[in-house]
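Subject: Structure handover

Hello,

Here is the structure I promised to pass on. Please load it first, then read the notes below.

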Amino acid sequence: MAGKIKQMIDTIISQRAKDNAMLAGVIKTKLMLKGIDPGKFTPQSPDDPAVIGKLEILMKEL
Amino acid sequence: MNIKTAFSVKPEPQEAVADIQSQLKDFDTRLIIFFASSSFSPDLIALGMEEAFPCAETFGCSTAGEIVTGKMLTKSVVAMAFNKKSIKKAKVEVMDLDKESKRVFNSFQRHFNKPMAKMSPKKYLGIILVDGLCCKEELIMDKIGDLTNVTFIGGSAGDDLKFEKTHVYANGKSYSNAAVLALLEPATEFSFIKTQSFCQLPKKLEVTKANEFTREVFEFNGKPAAVAYAEALGVSIEEAKKRFMHNPIGLVFEDEPFVRSPQQVKGDGMVFYCSVKEGMELSLLESTDIIASTKKSLDEAEAALGGISGIVNFNCILRTLELGQKGLSDSYGKLFDKTPTVGFSTYGEQYIGHINQTATMIVFK
């Protein structure tokens with residue numbers, strides 16, 4: 001399977017930033033510091049369970 | 001004036017507190033943040049500040065040098081006082097680093113009657129002061145970042161380069177292996193400065209083997225870390241060890257470096273002052289002009305806010321050491337001579353995450 005990580009990143013950014021570009025930048029930075037570079041993931045990226053696990057924790061806090 | 005600073009270089013805690021109290025005697029202090037040299041007894045300075053300002057929330061930490069309006073100091077206590085017109089509401093909490101952080105956030109939620117996840121980062125700001133020898137700043141900042149969009153900014157407490165024990169202070173008590181978190185609702189606009197004085201070099205170092213919890217990197221680009229770092233600089237490992245302060249590495253995102261400073265070569269790996277994770281692509285950085293870049297950041301913040309009434313500066317000890325080596329400490333202090341300022345030389349800075357060789361600042365309009 002592929003594309004789940006990109007989908008999760010987009011969901012996190014849109015739900016937390018709510019169209020606020022400054023906040024979207026901060027959330028992307030938080031992801032970078034977690035070791036997840038949002039720019040590296042595309043709809044074709046494989047579903048890495050380790051990355052998905054990190055993103056699931058973040059989504060739970062929304 | 002709704003934000004006022006005071007400082008004392010009197011050596012005894014009781015005398016220093018009395019000195020600060022007298023400088024703030026006509027001010028309606030509701031919140032006070034203070035930074036004290038490790039030359040002061042932690043228990044006495046924390047209790048003294050609490051007793052001197054009974055109507056205020058008091059919090060702070062030990063330092064590796066202090067900053068106050070126009071000056072860089074040592075063996076002093078510096079304080080910034082806020083009245084009701086500058087801070088509407090504040091809550092100070094202590095987090096035991098071995099325990100769950102949710103209790104602190106639940107307390108904030110009760111005090112402000114709002115879930116942390118719903119608080120606007122434009123209306124609220126958080127200050128975090130952490131035991132500077134705990135090595136847990138990344139975990140704390142990561143957790144805070146998951147729970148809220150409110151910006152928490154701050155520094156890791158110091159002990160004047162003894163690296164024995166650091167302290168954070170809250171409402172009359174001193175703590176180690178702890179963090180003090182203050183959630184504020186300022187009455188004025190505020191913004192943040194994150195400034196580091198480095199340019200990005202083209203060499204990249206990808207972390208291929210690391211232990212993020214011990215802040216050790218074993219391999220960059222599939223080679224022993226020390227070897228790869230020295231090769232990137234084009235020097236021997238022995239020479240590379242002398243370049244740590246001048247050439248740290250950074251996680252660069254949209255041209256903004258989040259600096260990771262090397263601490264030592266261990267075997268053929270490297271230990272850093274903050275963690276790096278496997279898979280991160282890091283850039284080699286080169287030191288530039290601290291005075292010029294800090295002035296530029298201050299000027300930009302002043303222009304954006306239309307004036308500044310107070311600054312809290314969390315300035316990395318490595319920047320302080322570099323300024324001292326270059327004879328620029330006075331020049332750095334003078335960057336802050338127009339505006340009420342307090343700050344300290346930290347063992348690490350907090351802003352979004354945990355970083356090194358950076359100054360993070362709160363700027364109040």
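Let me begin with the contact between the chains. In this predicted model, 15 residues of chain B are in contact with 12 residues of chain A. On the chain B side, α4 (137-147) and β17 (249-253) each supply at least two residues. The largest share comes from α4(B), with four residues. By class, the side of chain B that touches chain A has eight nonpolar residues, four polar ones and three charged ones.

Next, the domains of chain B. Domain 1 takes in 3-194 + 292-364, and domain 2 covers 198-287. Their centres, taken over C-alpha atoms, are separated by 29 Å. Domain 1 of chain B puts 11 residues into the contact, and domain 2 of chain B puts in 10 residues. On the domain 1 side, α8 (317-325) and β25 of chain B each supply at least two residues. What gives the largest share of that side? It is β25(B), with three residues. The classes on the domain 1 side that touches domain 2 are three nonpolar, six polar and two charged residues.

Now for the sheet that holds β25(B). This is an open sheet of six strands, in the order β7-β12-β8-β9-β24-β25 (chain B). Its pairing is mixed. The edge strands are β7 (87-96) and β25 (353-355) of chain B, and each pairs on one side only. Neighbouring strands here are turned by 20° against each other on average, direction ignored.

One pairing in this sheet is worth a look in the viewer. Strands β9 (residues 152-156) and β24 (residues 349-351) of chain B are antiparallel and share three bridges.

Helix α3 (residues 102-112) of chain B touches β7 and β12 (178-186) of chain B. The direction of α3 makes about 160° with that of β7(B). Then there is α4(B), which touches β8 (125-130), β9, β12, β24 and β25 of chain B. Its direction makes about 150° with that of β25(B). Recall that α4(B) also supplies four residues of the side of chain B that touches chain A.

Chain B has another open sheet of six strands. The order is β1-β6-β2-β3-β10-β11 (chain B), again with mixed pairing. Which strands stand at the edges? They are β1 (3-8) and β11 (173-175) of chain B. Each has a single partner strand, so one side of each is left without a neighbour in the sheet. On average, neighbouring strands of this sheet are turned by 15° against each other, direction ignored.

At the β11(B) end, three bridges join that strand to β10 (residues 168-170) of chain B, and the two run antiparallel.

Over to you.

Best wishes

Methods. Residues numbered from 1 in each chain as written. Chains lettered and ligands numbered in written order. Predicted model: local features only at pLDDT ≥ 70, side-chain atom pairs only at ≥ 80, totals over all residues. Pairing = 2+ DSSP bridges. Axes fitted to C-alpha atoms, helices over the stretch in contact; angles between N-to-C directions. Contact = placed C-beta atoms within 7 Å. Nonpolar A, V, L, I, M, F, W, Y, C, P; charged D, E, K, R; others polar. Domains from an automatic or database assignment.
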